[in-house]
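Open the structure in your viewer and keep the selection tool at hand. This tour goes stop by stop.

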Amino acid sequence: MATLQRISGTQSLPSSKAAYTQLSPAQLNSAMRYGVSRVYSSAKQLYRQGERGADLYIVLEGAIETFWSDLLEQEEQSVMLAPGEFTGELNLLNQKETLIAARAMAGSSILRIPRERLRALLIAEPEIGELVVKTIVHRRQWFMQIQAGGLTIIRSSENGDTEKVERFLNANSYPFRVVDLQQSPATQRLAEERGLDASVLPAVLSAKWTLKRPELRVLADKLGISDDIRDGITWDVLVVGAGPAGLATAVYTASEGLRTLVLDSYAPGGQAGTSSKIENYLGFSHGVSGAELAKQAQVQAEKFGATVAVCRTVKAIDCSEDPFYVELDGDQKISARAVIIATGANYRKLSIKGFKRFEGVGIHYAATPIDVQHCADQQVVIVGGGNSAGQAAMFLSAHANHVHMLIRGPQLSSTMSDYLVQRIHASKGITLHPCSEVVGVEGEDRLSHVTWRSQATGDDTRFATEHLFVMIGADPCTEWLRDCIELDSHGFVKTSSGSEERGHFETSVRGIFAVGDVRSGSVKRVASAVGEGSIVVPEIHRYLGTLG
């Protein structure tokens, strides 16, 4: 198995069996059909750290050493691969940069599988493909744990911008570590070498470059995670938005041979990607984090050949052209035969400390039958005074022990339909708290208490509950579409009514479709978004068929 060591020094790295698995002799024999083997009489570097498009290398005899530098300790760390083991991690599925370098050791026999044959191997040899994909996913997770080949962020204790960079790198599964400027002599030495002081922090450092107070787009370009979208390509399918709906669309279009590009302004996952735990997604009885679900979906899409690029914001679309021309920030334009809008909606959130931590583990944005199962015989709190909040209150009151409804105004009649107002006032299972707003949330692993304040009396109420439903509206991400397609009065994309010719998801413009939360009338749930992203594909095929 792989040998982990520190070349300079004696400290060993933690091991990870899942990150270094071996192909069986039968699998090696099958893999031989996709590459060329070579015996190296002397040590030879196979690829450099930061290189794009590195091939897959499998050890037949001898060893491959993978290695990277530690900026602070000025040491080289390495992992030695044994026969049957292979190089690479998530970079094998895309054109992004390698995190570490690799060299063949003298006397080793190495099988090299070039990029143009790798995808054929993964698809045609499912047993090998499953092993390779599982391994490289675990390897990236392990790289993040030990910060292998990642970045060093130097911060000043007085500067809070570091958190923005950390969140971005975490969301995009990129390894890094954060050190304070005054943390150690090694940090001060490194800062001095790179010409850094507290006035330009936080600074992001790689072995090759330094960024001072970087904008996220600049950082993404440096890391290669924004991907290099080449000019002159007409994509079969452009998916705008890499949330559950967009990634589901990409998985199915790419797996069916359509050249697919996915763009997102931040990171894969969308709203769902920020959830610490999704407990009601089919097939995950113990729950799954939104980040993990998004990463697996991205890997799946890239495995089938989709290109996923982040920090790419769409500014406008020209609906009069065939193919469609889409303008990105930075004055770049790309063309596509079909466009899928999956930009989602930004649910309005409460501006209180700790709110983000409980999303998905106590804080909800919709009241569905699945949510109600967890609320049986419990006290729940709803924030909001619109029709959606009123309908949720009635729905929950039939199952929960009691519903507490908080509204900012003195009464419901100005914001809610009369029939709901009457039902809420008549219900013994609902208590209305007018002129009230949430000022605090608490809990360990999940929500346990909510505190609200009465604007009329100034009194605070600390209430024990594991369920807070925030229903204060959502803002669709559709500003870039207003001159192109038809939107409803709230800015959500209107889609066709399900005719045989147009289907359910086509917009007012032929060839442009909408799926997920951005679509008018959609159910705002991860499962329904994934469903829409998958069943829109036949409609895309039908439209592309009309183009010949």
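The stops below run from the whole chain to single residues.

**The whole protein**

Begin with everything shown. This is a predicted model. Colour by secondary structure: the protein has 13 helices and 29 strands. Along its principal axes the trace spans about 85 × 65 × 45 Å. How does the radius of gyration compare with that of a compact globule? For 548 residues such a globule would come near 24 Å, and the protein has 26 Å, which agrees.

The accessible area comes to about 24,500 Å². Carbon and sulfur atoms hold 47% of that area. Of the 548 residues, 53% count as buried. Next, think about contacts. Among those with a separation of 6 or more, 68% join residues 24 or more positions apart.

**Stop 1: a five-stranded sheet**

Select β20, β27, β21, β22 and β23, in that order. They form an open sheet with parallel pairing. Which strands stand at the edges? They are β20 (363-364) and β23 (430-433). Each has a single partner strand, so one side of each is left without a neighbour in the sheet.

Strand β22 covers residues 402-406 and pairs with β23 in the parallel sense, over four bridges. Show H404, then look across to T431 in β23: the two stand opposite each other.

**Stop 2: a covered strand**

Select residues 260-264, which make up strand β14. Are its residues mostly covered or open? Five of the five are buried. Show the side chains. In a regular strand, side chains alternate between the two faces of the sheet. Here T260, V262 and D264 point one way, while L261 and L263 point the other way.

**Stop 3: L328**

Is L328 buried or exposed? Its relative accessibility is 1%, so L328 counts as buried. Show what surrounds it. Neighbours within four places in sequence aside, L328 is in contact with I229, L263, R312, T313, V314, K315 and I334.

Now draw a distance line from L328 to A120. The two are 208 residues apart in sequence, and their C-alpha atoms are 32 Å apart in space.

**Stop 4: two partners for β7**

Select residues 101-104, strand β7. Strand β3 (residues 44-47) pairs with β7 in the antiparallel sense over three bridges. In this pair, Q45 stands opposite R103.

Then select residues 64-70, strand β5. Four bridges join β5 to β7, and these strands also run antiparallel. Look for T66: its bridge partner in β7 is A102.

**Stop 5: a buried loop residue**

Select T478. It lies in the loop between β28 (474-476) and β29 (512-514). At 1% relative accessibility, T478 counts as buried. Which residues does T478 touch, beyond its neighbours within four places in sequence? The contacts are L487, G491, V493 and V518.

**Stop 6**

The last stop is about backbone angles. Most residues other than glycine have a negative phi, and most peptide bonds are trans.

Select L201 and P202. The peptide bond from L201 to P202 is cis, with omega near 5 degrees. P202 sits in the loop between α5 (185-193) and β11 (203-205).

Go to Q147 next. Q147 is not a glycine, yet its phi is positive, about 65 degrees. It is found in the loop between α3 (126-146) and β9 (151-155). Its relative accessibility is 31%, so Q147 counts as partly exposed.

Finish at D377. This residue also is not a glycine and has a positive phi of about 65 degrees. D377 is in the loop between α9 (369-375) and β21 (379-383). How accessible is D377? At 66% relative accessibility, D377 counts as exposed.

How values were computed. Residues are numbered from 1 along each chain as its sequence is written. This is a predicted model: local features need pLDDT of at least 70, side-chain atom pairs count only at pLDDT 80 or more; totals for chains, interfaces and linings use all residues. Side-chain values use heavy atoms; hydrogens and water are left out. The radius of gyration is taken over C-alpha atoms; the globule rule is 2.2 Å times the number of residues to the power 0.38. Buried means under 20% relative accessible area, exposed over 50%, partly exposed in between (1.4 Å probe, protein chains only). Contact means heavy atoms within 4.5 Å. Accessible areas come from the Shrake-Rupley method with a 1.4 Å probe; for residues, only the protein chains shown count as cover. Two strands pair if DSSP finds at least two bridges between them.
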